[in-house]
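This report looks at strand pairing and sheet packing in the structure shown below. Please keep the sequence and the model side by side while reading.

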Amino acid sequence: MKKLIFFLLLFTTVAGAQNGGTVESRYGIGELDLMTTSRQRGMGSSAVGLLSATDINNLNPAAWSGVNGLRLQGGMSFEYIAMSRSDEAVSSGAIKGFSFLFPLEEQFRLRLVTSILPVSRSEYYTQGNGMLENDPYTVTYQGFGGLSLFRAGVSAEPIPHIKIGAAFNYYFGNIDQAWELRFDNTAWFPARQRRATTHNGSGFLFGLLYDGIRDFHIGASVRPATSVRASRNMVFEYTTQDSTVSGASGTLDLPLAFSAGIAWQASELLLLTSEYSRQDWTDALMFDRKQIGQGEAYKWSVGAEWYPYKNDTEARTLSRTAFRLGFFLQQPYLAIDDETGMEYFITTGIGFPIFGNNRGDFALEYGWRGSESQLLGSQNILRATLSVTVGESWFIRKRD
Amino acid sequence: MIPGDTMNNKDYLHVRIFTAIAAMLLLLTACRNDPDPTGIDLIPDSDLIGAARFDSQSDSASMRTSQYAHVAPHGSSTLLSIGEADAYNARALLRWLLIPGDTVAYGGRIISAFIRLHTVPYHVGDISAVMRIEAREIMSFWNSFTITTDSLPGLERSTVPVGVYEQDLPESGSIDIPLDSVLIRTWLVNSIEGRYTENRGVLLEAPGSAAIRAFHSLDATAGERPALIVVMETSGGIDTIRGESADDTWLVTRPEEQASGRIILHSGVSVRGRLFFDVSAIPAASIVNHAELRLTKDTELSTRYYRAADSVLVYENLDSTQQTPSSSGLITRTDSEQPAVLITEGAALTRAVQNWVNRKWNHGLILLPMNENTDLDRLAIFGADSDAEKRPRLIVTYTTQP
């Protein structure tokens, strides 16, 4: 029962659990999720070239064929952002989705995966003040929501050492923007307006992973450009108890995303990885208009995973505990006022068995971005991520 | 059991640690910060909103004012007014359907019969003047909730008075208007024989009186209501009986008074006002935060006969052809710094303006005089054709749209 409740909690909260962020998430579809697991985050958010027997890869479907047995995986994160221009920091938590892998066949390593994952989040909460003659007022700007996806895909190893994967993504989600103008004179009616944009559409993800070179894994994934439907409603709340809704329909472009990575098993205990990914939002249209504040996004990362006690047969748990370290730099797709803010992150993490073949992974990231010349000033970011992957034993009831 | 699935103490420790971290992060997913001004400059210009103001005075908005007669019954009035003064002609109607007396009607001698009215200090003209109040028998059907001044020409009444009171009236006290005993006996017989509706009562008027006096009506407190009192001598002695199942109302006529550039609200008669503001300068569908209406009184053309309330009732007009006021209105208050200025604000006015801004309809506002049913007073307000600083002024605060 506890497992079922936990499962349901993950399922019901992931689609709407994008919360927390800065005003920058007002633009585009918000802050994009890296869609990496805690294991991958610990290694500089490298993912595409990694193969794992337990970790369900969200960026390269070809890697699913490396997973042994039935698995369920979920994660959550907490983020803390301190801005030099603000006395208060922004903190947020989010459910990072869950995935389910079902092994169909072993000869060709055929795997079936379904996932529900966050794609982006738009969450900001800021306010300004104004004065109308002698009447002061406060205006609050708020955004919430984001895009999520439901995924269903398969992977296989049709030829030894060559794994391929493909997945269908169904995108959905609401991004809301709300305004509230409230006079200090509380007898006056506050003005509340809300714009809700609903998205739905589909796309694909393809992946390839080659491990024919001794100690090397080379991976690549591509998410072709697609357009999702978007419909927008504007609601005004009046004293007359009714509200006006005006709407528009259009499409939202999701540009092509490409990633390529390599992993090198340097020794029995040490794995090194590196990755490059890119997605150009410069010409992406929303409601047939080019969006302000969008540019080219890219990421370059390096990481390492180390099992120092792997050969220690006396320490069963410790022998399966991994330590991770990584670094990545990232250019987000948001370029407000033509100012791009490169992000730099140092990452670390640990992976450990929980019981049986279930594993937990914890990653800690410290990053910085921006500069004093920018509107938000410089920002320091602390991020903690936890993933859990459970195997077949999770689904077997204990005998009394 | 799956091999290797046994858990030792270290595994349990891992589970506990993991559960604690998971629980902490899960709780923190509900975190939300208070709004912070940081980043407000990042909001794109197209998303910025603010408050704006529409002022009919400074925006030179189109405005219209007018007045109209509102003919209505006064069946629920707490006062009855009788007399002629200042071009007003006020009359009261009373009747008693039932006069208990069983066999007294046939055999008793009516010693006296009179209508007792209790005075109220409200008046038009000289309160101390001697008034000649005449009672005339009404000979056609009337109902206090339907009869209006328009019905007066069709109301049949006796040409000869059936009772006359000619004395000065106390400022507060009572007067007894004597009635013809023949009429009273007719009412007695009708009452006993079940022909109640044929007791149609009397009309009280004071032609040429140069004064109008007010009296309590049947809606007043028990001791001050009009009463029909009949003193009879029977075989058993002197008996006093009172009329029951009474009905009363009052009617007043006055030529409508027009004054250039003014709206003159009349209670009693009554005359109401209309205001119309063109708010098309406010972007359609904007959210109205607050609306305020300011009216300026013309004290020279206003009267203070009765209660002379320095207030006006303001309603949204729902139908400009029928002049239908909304169900909820607002009462004006006096500006503390400018006593001649009446101000009204509140949810009812805000909603009315919101309907106009939303382009649902705009039939303007209706102004009602206070105590419209009971009093005789005039309140003059500067209209649309007056000087700019005196004409009605509508101030609307609204929020711009992103």
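## Terms and numbering

Two strands are taken to pair if DSSP finds at least two bridges between them; strands (E, at least two residues) and helices (H or I, at least four) are DSSP runs, numbered from the N terminus. This is a predicted model, in which local features need pLDDT of at least 70, side-chain atom pairs count only at pLDDT 80 or more, and totals for chains, interfaces and linings use all residues. Residues are numbered from 1 along each chain as its sequence is written, while chains are lettered from A and ligands numbered from 1 in the order in which they are written.

## The open sheet of chain B

In chain B, 5 strands form an open sheet with antiparallel pairing, in the order β1-β24-β16-β21-β20. Because β1 (51–55) and β20 (333–334) of chain B stand at the edges with a single partner strand each, one side of each is left without a neighbour in the sheet. Strand β1(B) runs antiparallel to β24 (residues 393–399) of chain B, joined by 5 bridges, and B:Ala51 stands opposite B:Thr399 in β24(B).

Helix α4 (residues 347–357) of chain B packs on this sheet, touching β16 (287–296), β21 (341–345) and β24 of chain B, where contact requires C-beta atoms, placed from the backbone, within 7 Å.

## Strand β19 of chain A

In chain A, strand β19 (residues 322–331) is joined to the antiparallel β18 (residues 296–306) by 9 bridges, with A:Gly326 as the bridge partner of A:Gly303. Strand β19(A) also pairs in the antiparallel sense with β22 (residues 343–353) of chain A over 9 bridges, and there A:Leu329 has A:Tyr344 as its bridge partner.

Definitions and conventions. Buried ≥ 20, exposed ≤ 12 C-beta atoms within 10 Å, placed from the backbone. Contact = placed C-beta atoms within 7 Å. Axes fitted to C-alpha atoms, helices over the stretch in contact; angles between N-to-C directions.
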